Amino acid sequence: MAEEQHLLSTEIVNRGIQSSGPDAGSMTFSVRVRRRLPDFVQSVNLKYVKLGYHYLISHGVYLATVPLLLAVFGAEVGSLSRAEMWQKLWDSTAKYDLATVLSFLVLVVFTLSVYFMSKPRPIYLLDFACFKPSDDLKVTKEQFIDLVRKSGKFDEESLEFQKRILESSGIGDETYVPKSIGSPENTATMKLGREEAATVMFGAIDEVFEKTRVRPKDVGVLVVNCSIFNPTPSLSAMIINHYKMRGNILSFNLGGMGCSAGVIALDLARDMLQANPNNYALVVSTEMVGFNWYPGKERSMLIPNCYFRMGCSALLLSNRRRDYRRAKYQLEHIVRTHKGADDRAFRSIYQEEDQERHKGLKISKDLIQIGGDALKTNITTLGPLVLPFSEQLFFFANLIWTHIFPSKKAPNKPYIPDYKLAFDHFCVHPAGKAVLDELQRNLGLSDHNMEASRAALHRFGNNSSSSIWYELAYLEAKGRVKGGHRVWQIAFGSGFKCNSAVWKAMRRVGTQGGNPWLDCVDRYPQALYSP
């Protein structure tokens, strides 16, 4: 118990004048207890560092031997004049016949060909699109509560709870929800789910096809992820039917994998492209708000109602080398972490029925702590792949020192790598304001680094697995992404999972049509701090 006290913080909240009950007419206060993220950068598990270095060292033989060979060759050649070098070359080859020399050259060419052909194909992101719903679906926080009240499914206590959650959520007054949540009827129907799915998915896919000028029949791989809504036929089949895609398309439909499933879908698409040359892959990430709507009174299950909003992203990937010049980004790394072996992590986000048989997502009070542990594992594995050599050297030397010579009086604090040296832009899943605050503090990020995440949460809410793409769209709308910049996308979700994707910008990415931020980007980041 004493070990967890430092993770708790308290806050006294003025709830105003009580309107009814025995305390009517008097001021009431409540004490809110929050659980902070564990200071995971101060606690590093050596096995995850070893895993990251295993990825690095698996290709390290080239890094070690090639510079050495070049240094030896340079020293040898540098001591000779041009005439002496040609004379020595002629003398060394004159002793061999033509057949031997030609055989040697063929062997060299064959070896180089095998090497380059066996290298993993680069994966390019040609473009992506984020769906922006129509204005008639836009609601302020006050309109959201009015809409929820209109449905007649919630008592005043539940409405007041959702209102308090919204006020501290970091969500603004321009998010989008389906009209069905204001209906007294059941919103979790297949008909309404398919209608919402068609609206968001086809809107995003139409836009990405228009941007890239790629025909639907040219797509060879399709990966769709949606955690809660999984009809039969699947959402991927729904897309194939709508766009009349080719019959031999490799299609996949991922369900139940939470807000981090967008990176999982990306990883699957990458593997498919590595096995199928000269192909395009379409990755669609979304969630159905209406189908996931919880109409009960359980507070831990009311929280998703307050955060999740309509949204969808569509990415078009290519492994064609000729797409190098027109691609926006190249995929560098994907690191996935799964904590499902731990029972607490497995049940931290759990779909079940409440006592009244209403289905919804139950959020554990330990979620932030579990998320922090998963994030610690993920970034510790990712570090050796992306950090500059100087940061890796300091970090690894300090880690070894603290394990060999542990302090008896006070624990040695490890050297904390500066991830700002590895990445130019950060797209952190906007789970909520409190989560972003703790992530910023623990990773040592600036307000500027977190701006895209906070802006996406404020303007569009939590769009589940597509949120990280609304953040990248914000960075593009601001004109901040330049050639060579590295972007870190990090998402976490049920399971419990934490996944990272690292992109390298191929060129300067300017503002273009179809960006969902075009009509409001000038109001940010000022809108984040206005009352």
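1. Basis. The model is predicted, with local features requiring pLDDT of at least 70 and side-chain atom pairs counted only at pLDDT 80 or more, while totals for chains, interfaces and linings use all residues. Residues are numbered from 1 along each chain as its sequence is written, and side-chain values use heavy atoms, with hydrogens and water left out.

2. Sheet order. Nine strands form an open sheet with mixed pairing, in the order E7-E6-E8-E9-E3-E10-E15-E14-E13. Strands are DSSP runs of E of at least two residues, and helices are runs of H or I of at least four, both numbered from the N terminus. Two strands pair if DSSP finds at least two bridges between them. Strand E7 (250-254) and strand E13 (425-428) are the edges, each pairing on one side only. On average, neighbouring strands are turned by 20° against each other, direction ignored.

3. Seven of the seven residues of strand E9 (residues 312-318) are buried (under 20% relative accessible area, with a 1.4 Å probe and protein chains only). Cys-312, Ala-314, Leu-316 and Ser-318 lie on one face, and Ser-313, Leu-315 and Leu-317 on the other. E9 runs antiparallel to E8, to which seven bridges join it; Val-283 stands opposite Leu-315. Strand E3 (residues 124-130) also pairs with E9 in the antiparallel sense, over six bridges, and Leu-125 stands opposite Leu-317.

4. Strands E10 to E13. Strand E10 (residues 329-338) and strand E15 (residues 497-505) run antiparallel and are joined by nine bridges, with Ala-505 as the bridge partner of Tyr-329. By contrast, E13 and strand E14 (residues 486-493) run parallel, joined by four bridges; Cys-427 stands opposite Gln-489. Although E13 is an edge strand, both its faces are covered, with His-425 and Cys-427 buried on one side and Phe-426 and Val-428 on the other.

5. Helix packing. Helix H5 (residues 141-150) and helix H6 (residues 156-167) pack at about 160°, with axes 11 Å apart. Axes are lines fitted to C-alpha atoms, for helices over the stretch in contact, and angles run from 0 to 180 degrees between N-to-C directions. H5 is therefore roughly antiparallel to H6 (angles over 145 degrees). The contact (heavy atoms within 4.5 Å) involves residues including Phe-144, Ile-145 and Val-148 of H5 and Leu-159 and Leu-166 of H6.

6. Helix over sheet. Helix H8 (residues 235-243) lies across strand E6 (219-226), E7 and strand E8 (280-286), and runs at about 135° to E6.

Conventions. Parallel < 35°, antiparallel > 145°, perpendicular 65-115°, else oblique. Buried < 20%, exposed > 50% of the residue type's maximum accessible area, 1.4 Å probe, protein only.
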